[in-house]
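Subject: Structure handover

Hello,

Here is the structure for your files. My notes on it follow below.

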Amino acid sequence: MNEILIALENLWKSFPVWLQNITMLIVGATGATLITFYRDALLSFLKSISESLHSLSSTHWKDRRFEQEYIDWLIAKHKDLKLVGVQTQTKLPLEDVFVSLRIRVNRSLYPLSSSSVSQAEDDTLTERTLSIGELMRVAQKTVILGDPGSGKSTMMQYITLTFARERASEKKYRQRGIVRQRLFLKDWKLPVLLPLRAISATGKFQNWQHLLQLSPYLHYPDGYFERQLEKGRCILLLDGLDEAKTTDDQKMIAKAIGDLASPPYLGNQIIVTCRIAGWKDLLPSEFARVEVKDFNNEEVEKFIHYWYESVERSMIVGNETETEKKLRQERTLERANDLISVLTNNPRVRRLARNPLLLSIIAIVHRNRVVLPRQRAKLYRECVELLLEQWDIARGIQIDDTGLSIDQKMALMRAIAYELQESGKPQASRDHIEQIISEQLALMGKRNQESSSLLSLLEERSGLLIERSLDSLSFAHLTFQEFFAAQAISLDSRKLKMLLERKRLFDPKWQEVILLYVGIVDDATDFVEAVYSPKDEDIFYSRLRFAIKCLNDSIKVKPTLRNDLLSEILLVSDQAKYELLHKEIADTIRSIDNEELISELNSKLRNTPDISEEKQLEEGRLSNLDQILLDIKSPDYTVRTKAVQKLSDYQSNPEAVKSLIATIGDSDSLVKRKALTIASKYHQANQRILESVIKAGHDKDWHVRKNAMYALGNLGFLSVEATRVLIKSLNDENVQVSGAAALALGKLKQNSDEVVRGLRSALRHKSMSLQIESARSLIELGQRDSEIVEVLKKAIEGEDWVYCVAAIDILSQENSNTIEQAIVNLITEKTAHKIWQVRVYSLSCLGKWGISDPKVTTAIINRMADERKEVREQAIVSLIKINYDLENVRNELMSMLNDENENVRARAIEAVGHLLINDHSWLSILVEKINLEKSAIVKSEIIQVFKQTHEQLAVDSLLSLLSTNETIGETSLKIKDLAYQSLYSLASEMGLWLNLQGDH
C-alpha cells in the first residue's frame, strides 16, 4: 500500500492543475476496493500515465510540435514557383510546371548501393540515365553537377516540397504516399534545404551546425536538428556549393558536409548541387558524382505546355465560364505550339532551350514579344528590358513612378551587378546596394535620397533583385548578374583590360561574363585575338579552347581569325597525348555553332561522337526496341532470355511493359526468372506488373518464386495481396524463397502486426540463413530487442563464417553496444577469427560505427600486421573512418608504405594523405616514393593525394612525371593521364599557369 501512495504522490506533483482535478474525480470514484484488488494493475497504470505526461512535457514533444510547424513552413515557402517576369494575382504552383530532370550516371557508379541479395545484373552500357527519384533510391550521398540554369535549384525545391507534403498538417496540402508516387522511395525523410551561398554570405561559417541557419524567422528547439541527424531521419539538400563566396568557404563547407556524412550521422541522405565549372572535387570519395542532362525535345515541349497552361490559368480573375475556359485552353495550346514551332525552325535557339532557365526566359520573351533573338546576349537583354519596363505596361500601369528611363534602370543594374561580380560575393547588404544606387543617381543628376524607395520599387516590380536573407539582396539568378556585369565591361575600357588578366580570364566565375561580353560588342575580333596568345599558352591549351568558345557567342569575328583558330584546334587534337586534353578539345569542337563545320571537324577528330549523337541514339533505341519485341516472341528460349534482359531501358514504353508482363508468364523457367529480375528494376510499376509478379510467387519452380520475392521487395509497391503472398512465403518449403520473402518485407517497410508476427516466427526457424534475413528485416522495421540480438550474436559466435559475416553486415548499419565486444573479439590478437573474411568484415563494421575507444583502436592497429593483405588494407581504412589520429601509428604506416602488396601500400598512401593536412613532412616522402614505385595502383593513389595538397612540390613532381619516359607495363599512359588531370585541378584551384615550356 505504501508503494502505491508514494507513486501517487510523485505522479500528483507532475500533474497540471486541470489534470489534478480530473485525477481527484477518478480516484474518488474508484475507491479503496479497486486499490486492494488491482494493486499491480494500478501501479502499472500510474506508471504509464506518468511516462505519458513526461513525454508531453519532454524534448520529444517539443520537437514534434516544431516539426509540424517546420513542415508547414517548408510548404508555404516552396509550393509556388515564381516565374521571373510573370507577376500575377495567383502564383504558379511548382508542381504544375515542374519537369523532372534526367541524371547522367556513369555505369561504374551504378548500382550506387547494393545489398547481399542484389539481383542487379551488369550490362555493356558505359552510362545510364536516371530520374532524380531513381538516383535517390540507389545513392545515399550524391553531388549533382550541372550548368548554370540547368534546374538544379528548382529540383531541390521540388524534392523538399514532395517530402513536406507527405506530412503536412493541413489536409489541402497533405498527400499521403506522394514520396513513393513521385520519387519511388519507401522511406520518408525530414527535408532540410540549405542554399549554401546564403550561408556563406553570413561570414560566420565555422562548422556544420552553421549550415542549419534556415531562417531568422524560424525558431527551433535547441539541438533539434542535431537530434534528427543522429537518428538518421534527414535528407540534406545543399544547394550551390560553388556559390560560396570564397574557395576557403567552399573548403570549410565541404569539410562540414564530410562531417555530416560520417558517424554518428550515417543514416541521413545528402544531395549537394554544384556548377560543373565550379566543381573542385572537395567532397569525400563516397559522394557519387552525377550530371544533370539538358532537356531533350520531348521535355522542352512538355515544359512549354505546362508553362503556358499555368500562366494562362493564373490570369483567371473571378469565376470562369465554360466558354471562357474553352477559349483559354485553345489560346494556351495555340501559343505553346507556336513557340514549339519557332524552336523547331531555329536550331540555335532550340539548343539554348535545352537549358531550363534559358527555356523559361525564352517563354517569357515569346509570350510578351513574340519574336525571339538568335543571340544569347540579345535574348537576355530582351528579358531584362521586359522585367524593368514592359512588365508594368503589361499590368496596365502607364505611369512609371520610378522617375527613370529604361537606360537609367539598366545603368543601375550594371553598377550593382559589376560590384557583386568583382567582390566575388553572392549577395550584398541592403545598405550597400542603396549606396551604389545613390552614387549612380548622383551621376544621373537625381536626388540620392530616393535610393531606398527606388530599390524597393525595383525589387518589388522587376523580380531581378530578391532578398536572400534578412536585409541581404542578390540577383534572382546568377545569369542576370553575369549579363549586367558583361554590359558594364562593354562600356568601360578599363574594366575590359582587367578582364583580360589571367586571374579573371580563366576564373570559372568570370567565364560566363566573358562569353556574354563577346555577344554584346559588335565586333569581337580584337578581344578574341587577345584571349588567344600562342606565346602565352599553357599545357591545357586554355587560351585556344576558350577563344573558340568565344566564337560561338560573338556577333562578328574576322574570318581569317576564325579559320586560324579552327585549324589550330584540329592540329592540337591530333597531337594530344592525354585523355583529358582530348576530351576537352572534343567538347570544345562540339560546342561550335555551325553544323556543317561540326560535321567536317568530327570526321577528322578521333573518337569524337557526332553532334547528332543523342538524336542517333534515340532513333537507334527505337529500332532496337522493335527488334527486342520481335525476339521476345522467338521460339528459342535463349533468344527470349537475351531480349527480355534489354527491356529495363524502356520502362515508359507501353509495348515494352506489355511484353515484360507476358514473359513473366513464359513457359520456360529461365525466361521467367530473367523477366522477374528486369521487373524488379521497374520503378514505375503498375498494377498489371504487380499482379504478374504475385502470380509468379506461386510458381512450381522455386527459382522463379525466389525471384518473384526479390521483385516484390524491389518494386516497393504496397498491396494487400503482395503482403499476403510474402507472409505466406515465409513458410515456403525452400528456405531461399522464404529468406527472399523475409528480406522483401523489410524493404517494403510495412510495419504491421501481421508482418512482424510472420518475421518473428521465421526468426525462430531452424535455418540460420532464414533467421538472419528475418533479423535483418525486423531491424529495418524498427524492431530491436534481445531476441534479435541473440540470433545475430549466435551467428557471430558460430562456426559458419558465412553467417557470421552476414550478421556483422546487418549490425554494421547501427551500433549495438550489447554486441560490440563480440565483434572486437573477432580481431583481438588472442581471439581473432581464423577466417580472414570475418576479420575484414569486423574491421569494416567497427570503422562504420566510428568507435574511437582504446580497446577498439588497439585491436584495429594490431590487424595492420595481419598475415592477410586484405585485413591489413581494411585496418587502415577503418582507422581513417573513425578519424583516428594517424600520427600515433606513424611507424606502422612507414612500414606499410613498403608492404609487399600494392593494395596495402595504396591504402597506406591514402592514410598519409590525411596526415598531410597538418604535417607536410610526409610530402617529400611521397615525392621520393612516386619516383621509385613500380605499381600503377600505388602511383595513382599518390597522384590523388598530390591533388589535395595545393603544394608547389606536388605540382613539380607531377610535371616531372609527365616528362619521364618510364614505362609501367601498359599503364604508363593512364598514370600520365591521371597526373595531367590532377595538374589541371591544381592549376585551377591554385591559380597556376603552366605554360607549354613547363615554366609556371
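**Helix pairs**

H26 and H27 are roughly antiparallel to each other, because the angle between them is about 150° and angles over 145 degrees fall into that class. Please keep in mind that this is a predicted model. H26 covers residues 559-575 and H27 covers residues 579-590, and their axes lie 10 Å apart. The crossing of this pair, H26 and H27, is left-handed. On the H26 side the contacts are made by Ile569, Val572 and Ser573, which meet His582, Ile585 and Ile589 of H27.

The second pair is H31 (residues 654-664) with H32 (residues 669-679). Their axes come within 8 Å and cross at roughly 135°. H31 and H32 therefore count as oblique to each other, since an angle has to be over 145 degrees to be called roughly antiparallel. The crossing of H31 and H32 is also left-handed. From H31, the residues Leu660, Thr663 and Ile664 take part in the contact. They meet Val671, Lys672, Ala675, Leu676, Ile678 and Ala679 in H32.

How many of the six residues of strand S5 are buried? The count is six of six, so by the cut-off of under 20% relative accessible area the strand, residues 141-146, is mostly covered. Lys141, Val143 and Leu145 point one way from S5, while Thr142, Ile144 and Gly146 point the other way. Both sets are buried.

S5 pairs with two strands that I can list here. With S8 (residues 269-275), the pairing is parallel and runs over six bridges. Within that pairing, Val143 has Val272 in S8 as its bridge partner. With S9 (residues 288-292), the pairing is again parallel, over four bridges. There, Ile144 has Val290 in S9 as its bridge partner.

**Two single residues**

Ser842 sits in helix H42, which spans residues 836-849. Is Ser842 buried or exposed? Its relative accessibility is 0%, so Ser842 counts as buried. Setting aside residues up to four places away in sequence, Ser842 touches Ile808, Ile823, Leu826 and Ile827.

Thr723 belongs to helix H35 (residues 720-729). With a relative accessible area of 6%, Thr723 is buried, because the cut-off for that class is under 20%. Which residues does Thr723 contact, leaving aside its neighbours within four places in sequence? They are Gln750 and Val755. The C-alpha atom of Thr723 is separated by 9.4 Å from that of Glu754, and these two residues are 31 apart along the chain.

**The chain as a whole**

The chain has 1000 residues, and 51% of them are buried. Its secondary structure consists of 50 helices and 12 strands. Taking the contacts between residues at least 6 apart in sequence, 69% join residues at least 24 apart.

Regards

How values were computed:
Residues are numbered from 1 along each chain as its sequence is written. This is a predicted model: local features need pLDDT of at least 70, side-chain atom pairs count only at pLDDT 80 or more; totals for chains, interfaces and linings use all residues. Side-chain values use heavy atoms; hydrogens and water are left out. Buried means under 20% relative accessible area, exposed over 50%, partly exposed in between (1.4 Å probe, protein chains only). Contact means heavy atoms within 4.5 Å. Two strands pair if DSSP finds at least two bridges between them. Axes are lines fitted to C-alpha atoms, for helices over the stretch in contact, and angles run from 0 to 180 degrees between N-to-C directions. Angles under 35 degrees count as roughly parallel, over 145 as roughly antiparallel, 65 to 115 as roughly perpendicular and the rest as oblique. A crossing is left-handed if the near helix is turned anticlockwise from the far one by less than a right angle, and right-handed if clockwise.
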